[in-house]
Amino acid sequence: IHSEKECVLEIEGIQVRMYIDRIDLLANGSTLVIDYKTGASIDIKNWASDRLTEPQLPIYAALTPPTEGPVQGVVFAKVLMQGPTWAGLAKKDKLLPKVTGLDSKPGRRLFPEALFPHWNSVLDHWSLRIRAVAQEVKAGHAGVRFADAKALKYCDVLPVLRLAERQAQLEAAQAATRLAGDAQ
């Protein structure tokens, strides 16, 4: 129903302009949001965590849902030389090949039912986490964050990040806190 749909939205006071590659209307009246990617590496495994490394589709689904119908899935259409494929999350399993259904075993490993009892709880989580990051940005927090130091192995701007200096500051602050605690 849409291709290259422009969306302008405000997230915690930050104006964002985005283009949704494609939105399909499904037979049941719900929608599927699709983003085309040419890279092979796409990480959706942390979409249940506090910091989403691939927030684009969650933003589309949770903050700019199509007016034509509720979002039933968000998928990357991976356009690769060795063959196209899909990656993403859907409310129900088997929506598309290689797309994890929330109601499947792999879906429940990523999104435990105790924390995410239904599809709307996933959408609510995405909205909350994206808004939290936007609040950090608005407050001026722009620190380098990474889950694994190995991710920086091939970083082209590693010297600019000044990680050694940040580590020294952290250690000094921790030492000062220990000294203050000992003095009491």
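**Strands, a helix and a loop**

Guide: Let's begin at one end of the sheet: E5 and strand E6 (residues 99-101) pair in the parallel sense over three bridges. In E6, Gly-101 is the bridge partner of Ala-90.

Visitor: What makes E5 and E6 a pair?

Guide: Two strands pair if DSSP finds at least two bridges between them. E5 and E6 have three bridges, so they meet that definition. As background, strands of a sheet pair through backbone hydrogen bonds, either parallel or antiparallel.

Visitor: Before we go on, what kind of model is this, and how are residues numbered?

Guide: This is a predicted model, where local features need pLDDT of at least 70, side-chain atom pairs count only at pLDDT 80 or more, and totals for chains, interfaces and linings use all residues. Residues are numbered from 1 along each chain as its sequence is written, and side-chain values use heavy atoms, with hydrogens and water left out.

Visitor: How do you know which stretches are helices and which are strands?

Guide: They are DSSP runs, numbered from the N terminus: helices (H or I) need at least four residues and strands (E) at least two. The protein chain has five helices and six strands, in the pattern β-β-β-α-β-β-β-α-α-α-α along the sequence.

Visitor: How does E5 pair with strand E4?

Guide: Strands E4 (residues 71-78) and E5 (residues 85-90) run antiparallel, joined by six bridges. Phe-76 stands opposite Ala-87 in E5, and Gly-73 has Ala-90 as its bridge partner in E5. The hairpin of E4 and E5 has six residues between the strands, and Gly-83 takes a positive phi near 135 degrees there.

Visitor: Why is the pairing in the sheet called mixed?

Guide: The open sheet of six strands has the order E1-E2-E3-E4-E5-E6, with mixed pairing. Strand E1 (2-11) and E6 are the edge strands, since each pairs on one side only. Neighbouring strands of this sheet are turned by 35 degrees against each other on average, direction ignored.

Visitor: What makes helix H1 largely enclosed?

Guide: Buried means under 20% relative accessible area, exposed over 50%, and partly exposed in between (1.4 Å probe, protein chains only). Seven of the eight residues of H1 are buried, so the rest of the structure largely encloses this helix. Among them are Leu-57, Ile-59 and Tyr-60. The buried residues of H1 pack against E1, E2, E3, E4 and helix H3 (119-138).

Visitor: Where does H1 (residues 56-63) lie?

Guide: H1 lies across E1, strand E2 (14-25), strand E3 (31-37) and E4, running at about 160 degrees to E3. Axes are lines fitted to C-alpha atoms, for helices over the stretch in contact, and angles run from 0 to 180 degrees between N-to-C directions.

Visitor: Is Glu-68 buried, exposed or partly exposed, and how do you know?

Guide: Glu-68 is partly exposed, because its relative accessible area is 33%. The place of Glu-68 is in the loop between H1 and E4.

Visitor: What counts as a contact, and which residues does Glu-68 touch?

Guide: Contact means heavy atoms within 4.5 Å. Leaving aside its neighbours within four places in sequence, Glu-68 is in contact with Ile-1, His-2, Leu-25, Gly-29 and Thr-31.
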